[in-house]
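Biologist: Please take a close look at a single part of this chain and describe its surroundings in one connected account. Which contacts, burial values and pocket features can be set out for it?

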Amino acid sequence: MEYDLNPIVDSIAAIDLFPKAMPKDMSIYPLRPPIVTIMGHVDHGKTTLLDALRKTSVAAGEVGGITQHIGAFSVSLPSQKTITFLDTPGHAAFSAMRARGAHVTDIVVLVVAADDGVMPQTLEAIKHAKDAGVPIIVAINKIDKHDANSRKVRDSLMRHGIELEEVGGDTQCVEISALTGKGLGELEEAIITLAELNDYRAEVDIEAEGVIIESQIEKGKGNVATVLVKRGTLKQGDIIVAGTSWCKVRIMSDDKGQSLKQAPPGTPVKVVGWRETPNTGDEVLQATDEELAKTTVANRLRKIEREKQIKDLEIINEKRRQRKKELEVDQAAIRSFKRKVWMFHRGMLKEYPTTPSPPSSNKVVKSDDDQIKEFRVVVKGDVSGSIEAIVDSLDSIGNEEVHVNVVDFGVGDISESDVQMAAAAQGAILGFNVKVDKRASSLAQAEHVEIMCYNIIYKLLDGIKDKLSNMLPPVLETVVSGEATILQVFQINVKNREFKPVAGCRITNGTIVKNQKVRIIRNHKRIWEGSLESLKHLKQDVTEAKKGLECGISFDGFTDFKEGDLIHSVVVKEVPRTL
């Protein structure tokens with residue numbers, strides 16, 4: 001108004017959804033099931049433990065005994081209590097997924113094998129739980145095995161900061177056998193006791209709030225996501241928003257596939273009806289209507305685009321600043337040169353100043369040999385959580401010479417568009433737990449695009465490491481295949497009284513081969529390297545001379561050898577490198 005301007009406020013652009021503030025007094029709200037995450041090292045028995053707890057086969061259909069993406073299950077115990085379990089993969093590549101599991105959970109059950117002890121992923125799980133401030137219950141598994149040593153496990157855990165109850169700490173420790181069922185009752189009791197002490201409660205009469213546990217594309221259902229409800233009650237027909245996707249809940253089912261009309265706090269449900277596949281870990285918030293959900297998603301997309309533009313602008317501005325600085329340095333150098341020329345002509349300087357180098361010569365241009373080689377891939381997986389973990393793992397593979405460039409990634413089977421994308425990028429397709437349709441396969445053959453499909457994470461990472469290792473230039477290794485000592489130097493008449501020195505030698509080690517490179521060593525120093533002109537034994541030309549043989553040797557372009565010199569026959573081998 002002061003400047004005679006009419007302010008226009010874009011009120012629609014400010015619309016977004018936010019979680020409700022937590023009430024001060026939670027004691028008036030009902031108890032909710034505790035959310036428990038099973039963590040631990042690969043093959044320590046996490047999936048077997050879940051299988052035993054809910055009396056159904058979680059392990060069926062899994063490859064290598066490894067859970068490839070987070071699964072959420074509600075388990076009704078004989079004590080009429082309900083516990084919600086999150087099963088996180090044990091492999092190091094899935095640390096990001098395991099960290100997310102720790103941030104949505106109330107209690108961590110740390111599974112440690114009694115015959116294997118504390119391993120790298122066990123320590124990683126401890127770190128995630130401590131960072132998230134989540135209480136830990138230790139389950140020492142495989143206690144029925146003959147080489148089980150629970151005392152060693154306890155000592156190792158205490159060394160890594162886990163203070164057990166038996167020594168005055170606050171961490172419960174239960175010895176179990178997931179295979180035989182021994183100790184499972186004590187584990188359930190420990191979980192329920194800890195849940196009662198921490199008094200986990202949630203509102204049920206507010207708009208639903210939760211988190212995306214996993215998301216995928218299912219045939220006949222489209223975009224599907226597993227939602228863990230944290231507060232409020234999610235009902236069929238509700239409108240929910242997660243990240244940059246929204247959904248009208250068409251179908252809602254539990255982990256057993258039974259249809260549900262509503263999901264109270266602490267319940268994991270599979271939700272069908274998403275417009276786009278949400279990202280694993282996205283916060284789920286309920287909207288009052290479709291219009292609000294669409295506006296919220298549009299605003300979030302606009303905000304992401306704006307942040308990207310600001311980031312790009314910062315990069316452009318930084319380049320401009322660098323260019324300006326370079327110009328200022330160049331101009332200062334020219335001014336200094338002109339001043340020194342003036343001083344030279346006035347007799348103030350004895351020597352004419354050196355001309356400043358042109359600006360272009362200051363820039364270091366990398367040759368093609370110095371360029372970092374990259375292996376381009378299009379990543380496709382069955383669920384977004386797995387893809388996220390794989391992409392993070394691929395970023396960490398490589399060195400200053402080779403690295404992986406993820407051109408594109410997405411959920412679903414490998415299609416023709418993926419092949420076209422990989423062909424355009426001159427890369428390969430990396431599939432994890434997905435299928436390849438026939439048309440995509442035939443197109444890949446025609447376009448010479450390699451499709452690599454895996455269903456075990458560490459095999460996938462090993463395959464990529466092998467690909468990158470093949471791209472590394474080999475190491476040239478010099479191997480001495482034979483050694484000879486010059487015993488005497490003979491002057492041989494070649495023609496018309498023209499003499500040429502010939503080395504009379506004895507082979508002391510290995511074999512001297514005529515067509516191989518040789519080195520002459522004197523006083524432990526190499527004085528010459530080249531090839532042999534002749535190799536003779538008793539006036540006969542030979543192709544090689546073995547240990548113990550005496551022979552005459554002449555060198556191509558070198559005659560300054562002496563008695564006592566060593567001759568090394570060398571072979572240069574290309575040794576492949578590995579990451």
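Modeller: L538 is located in the loop that joins β22 to β23 (540-541); here strands (E, at least two residues) and helices (H or I, at least four) are DSSP runs, numbered from the N terminus. With a relative accessibility of 73%, L538 is classed as exposed, where the scale sets buried at under 20% relative accessible area, exposed at over 50% and partly exposed in between, using a 1.4 Å probe and protein chains only. Between the C-alpha atoms of L538 and E550 there are 8.6 Å, while the two residues are 12 apart along the chain.

The model is predicted, so local features require pLDDT of at least 70 and side-chain atom pairs are counted only at pLDDT 80 or more, whereas totals for chains, interfaces and linings use all residues. Numbering runs from 1 along each chain as its sequence is written, and side-chain values rest on heavy atoms, with hydrogens and water left out.

The loop between β21 (517-522) and β22 holds H524. H524 is exposed, because its relative accessibility is 81%. Its backbone has a positive phi of about 65°, although H524 is not a glycine. For context, most residues other than glycine have a negative phi.

At least two lining residues come from each of β19 (475-495), β20 (498-513), β22 (525-537) and β25 (550-555). Of the elements, β19 gives the most, namely six residues. The lining divides into 10 nonpolar, seven polar and five charged residues; Ala, Val, Leu, Ile, Met, Phe, Trp, Tyr, Cys and Pro count as nonpolar, Asp, Glu, Lys and Arg as charged, and the others, Gly among them, as polar.

The structure contains six aromatic pairs. Rings of Phe, Tyr and Trp (its six-membered ring) pair when their centres lie within 6.5 Å; planes under 30 degrees apart are stacked, over 60 edge-to-face and the rest tilted. Both partners are buried: W528 has a relative accessible area of 15%, and F555 one of 2%. The pair of F555 and F561 is edge-to-face because its planes stand at 65°, with ring centres 5.3 Å apart. F561 is likewise buried, at 5% relative accessibility. One aromatic cluster is formed by W528, F555, F558 and F561.

D565 counts as buried because its relative accessible area is 3%. Its side chain makes a polar contact of 2.8 Å with the side chain of R522. Such a contact is a pair of N or O atoms within 3.5 Å; within protein, one must be able to donate a hydrogen and the other to accept it, and residues adjacent in sequence count only if both atoms are side-chain atoms. Leaving aside residues up to four places away in sequence, D565 touches A484, T485, I486, I520, I521, R522 and I527, contact being defined as heavy atoms within 4.5 Å.
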